[in-house]
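Subject: Model handover

Hello,

Here is the structure I promised to pass on. Please open it alongside this note.

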Amino acid sequence: MAATAREDGVRNLAQGPRGCEHYDRACLLKAPCCDKLYTCRLCHDTNEDHQLDRFKVKEVQCINCEKLQHAQQTCEDCSTLFGEYYCSICHLFDKDKRQYHCESCGICRIGPKEDFFHCLKCNSCLTTNLRGKHKCIENVSRQNCPICLEDIHTSRVVAHVLPCGHLLHRTCYEEMLKEGYRCPLCMHSALDMTRYWRQLDTEVAQTPMPSEYQNVTVDILCNDCNGRSTVQFHILGMKCKLCDSYNTAQAGGRRVPVDQQ
């Protein structure tokens, strides 16, 4: 019987020179959910109406001799190396990227392993330069990216840790900086804004307000330190008295001196 167009598409997708757009490998996974052959779980999930559980994969097919066999790193018939890296838990086959399997995360990560540590509270692998220098948020990696609303924990896209402790996909973080500088969840500054705040100091000093506004004050809330203060109103920005940030929001009405009312 001739293959349907959809079946042909699946077979062609799987039969790249080595692997697919996601992974470099020389075998196909037999999906335990539908018994179809796909190069990887991502290719499967794109073409099917259900997801492939990587941990339940039992069999793979060699792309050279087409031998269907239990999941392993090398073909038992033709000795084809299915992947320079192979994880028998995740059934991940790929070229060597110094990957390692993190027991706490439950999945494989791109290493090298010695450059990362697993934060038990954040429940995520972070670079060693963040050890003791990041704000912990419990199970933060189990939340979806607030920009694209896609999963962070199992994503192939590197996560970026913001100063506030929230995570974004690195690509989403870079896109966000084109339009703003604040965490979309808590409004804390997403990067060191000190140089810009000092430039704003100069601009505020060089831009006097009209006489009717010169003595007007407002209550503000700082998004960076969460402090409250009362400052002089200025159209360009109002600086927190506690941490010198201009990442503030007006928390009350303007106060006008009695002699100006």
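Below is what turned up, by topic.

First, the ground rules. This is a predicted model, so local features need pLDDT of at least 70 and side-chain atom pairs count only at pLDDT 80 or more, while totals for chains, interfaces and linings use all residues. Residues are numbered from 1 along each chain as its sequence is written, and side-chain values use heavy atoms, with hydrogens and water left out.

Domains

The protein splits into domain 1 (27–94), domain 2 (102–142) and domain 3 (210–260). These bounds come from an automatic or database domain assignment. Between the C-alpha centres of domain 1 and domain 3 there are 61 Å.

Nonpolar cores

A core here is a set of buried Ala, Val, Leu, Ile, Met, Phe, Trp, Tyr and Cys residues joined through side-chain atoms within 4.5 Å. Buried means under 20% relative accessible area, exposed means over 50%, and partly exposed is in between (1.4 Å probe, protein chains only).

The largest nonpolar core has 19 residues. L126, L162, L168 and Y173 have the most contacts inside it. Two or more residues come from each of β9 (116–119), β12 (167–169) and α3 (170–176). The top contributor is α3, with 3 residues. Helices (H or I, at least four residues) and strands (E, at least two) are DSSP runs, numbered from the N terminus.

Look at L168. Leaving out residues up to four places away in sequence, L168 touches C145, P146, I147, I152, V158, A159, H160, L162, Y173, M176 and P184. Contact means heavy atoms within 4.5 Å.

Another core lies apart from the largest one.

Cysteines

How many disulfides does the structure hold? The count is 0. The criterion is a pair of cysteine sulfur atoms within 2.5 Å. For C34, the closest cysteine sulfur is in C33, at 4.1 Å, which is too far for a bond. C34 is partly exposed, at 22% relative accessible area. C78 is in no disulfide either. The nearest cysteine sulfur to C78 belongs to C62, 3.6 Å away. C78 is partly exposed too, at 33%.

Salt bridges

The rule asks for a side-chain nitrogen of Lys or Arg within 4 Å of a carboxyl oxygen of Asp or Glu. It gives 8 salt bridges. Some of them follow.

- K30 and E59 pair at 3.4 Å, N to O. This pair links distant parts of the chain, 29 residues apart: K30 sits in strand β1 (residues 27–30) and E59 in strand β3 (residues 59–62). K30 is partly exposed at 22%, and E59 is partly exposed at 30%.
- K36 and E48 pair at 3.3 Å, N to O. They are 12 residues apart, with K36 in the loop between β1 and β2 (37–38) and E48 in the loop between α2 (41–47) and β3. K36 is partly exposed at 30%, whereas E48 is buried at 13%.
- E175 and K178 pair at 2.8 Å, N to O. E175 is partly exposed at 46%, whereas K178 is exposed at 62%.
- R198, D201 and K239 are linked in a network of salt bridges.

Best wishes
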